[in-house]
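Please keep the sequence and the structure in view while reading.

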Amino acid sequence: MDWLILFLSGVIGGVLNSIAGGGSFITFPALLFAGVPPIAANATNTFASCAGYISGAYALRHEIRSGTKQLKLVVGLCVIGGGIGAFLLLHTPEALFTQSVPWLLLFAALLFTFGGTLNKWLKQATAEHKHATSAGAFFSALLLLIVCIYGGYFNAGLGIVTLSYLALAGYTNINVMNGIKLLVSASASLAAIVFFIVNGSIDWPSGMAVLMGTLVGGYYSAKISRRIPQQYVRNTVIIASFFITAYFFYTN
């Protein structure tokens, strides 16, 4: 029964990620409800989500190449950041991480809800102050590192955080931004997964159930997306994310 629940949560998560994002609001709690300990659930959710990042980045590989001339530097920073985030997670006491889960979910829910508005504001700010991006190359790299540390520590909301960073860095082409977002997510997640594998933190049966579900959901999401407006799906995810967050605050 747990395998079926995890598989179905993966299907729903895969559909959401393909249409509007926010699949981790379904898959991460499902892993917790299935009895996977919080840190292992987070590590397992990162593993299950990574396949979608990799396939998406490959599909947008041309946009990625056209969007950045420092590809090796970007990947290197992402790998380092993802590794640091995973290291911090694995050295966080289980009880402390359990207490932080509601706050992490709330942060991710707020990012998902207001991320679009934030990105628009950042684009306007960088358009008016272009010198801020040219003079802040070091701080831009440092910010990317921090974004990936977050991604290695807690995968939910990573896409929104990355898009906000790209808007601040001066990117305007949404296809390029989506491509680089997926590259960042894939690189940081792969680095984190290496740490999780070495530490034995991934619940493989649960992770494979969610992974298979996300692949099925992602495959069939194209047909679903033609029938359901993206904004309806997004609003549903927002409502669900805050209900789930409130539940974890109540039970914590």
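Helices here are DSSP runs of H or I with at least four residues, numbered from the N terminus. With that term in place, the model, which is a predicted one, can be described from its overall build to its surface.

The protein chain has 12 helices and 0 strands. Read from the N terminus on, its elements therefore follow one another as α-α-α-α-α-α-α-α-α-α-α-α.

Of the 252 residues in the protein chain, 49% are buried. Contacts within the chain also deserve attention: among those between residues at least 6 apart in sequence, 82% join residues at least 24 apart. The accessible surface of the chain amounts to about 12,700 Å², and carbon and sulfur atoms account for 69% of that area.

On this surface there is a nonpolar patch, formed by Ile80, Ile84, Phe87, Leu88, Val194, Phe195 and Val198. Together these residues have about 640 Å² of accessible area. Two helices, α5 (71–90) and α10 (174–199), each supply at least two residues of the patch. The helix that gives the most to the patch is α5, with 4 residues.

Is Ile84 buried or partly exposed? Its relative accessible area is 33%, so Ile84 is partly exposed. Patches are made of residues with over 30% relative accessible area, and the value of 33% for Ile84 is in keeping with that cut-off.

Conventions
Residues are numbered from 1 along each chain as its sequence is written. This is a predicted model: local features need pLDDT of at least 70, side-chain atom pairs count only at pLDDT 80 or more; totals for chains, interfaces and linings use all residues. Side-chain values use heavy atoms; hydrogens and water are left out. Patches are made of residues with over 30% relative accessible area and no salt bridge: like charges are joined within 9 Å, nonpolar side chains (Val, Leu, Ile, Met, Phe, Trp, Tyr) within 5 Å. Accessible areas come from the Shrake-Rupley method with a 1.4 Å probe; for residues, only the protein chains shown count as cover. A salt bridge is a side-chain nitrogen of Lys or Arg within 4 Å of a carboxyl oxygen of Asp or Glu. Buried means under 20% relative accessible area, exposed over 50%, partly exposed in between (1.4 Å probe, protein chains only). Contact means heavy atoms within 4.5 Å.
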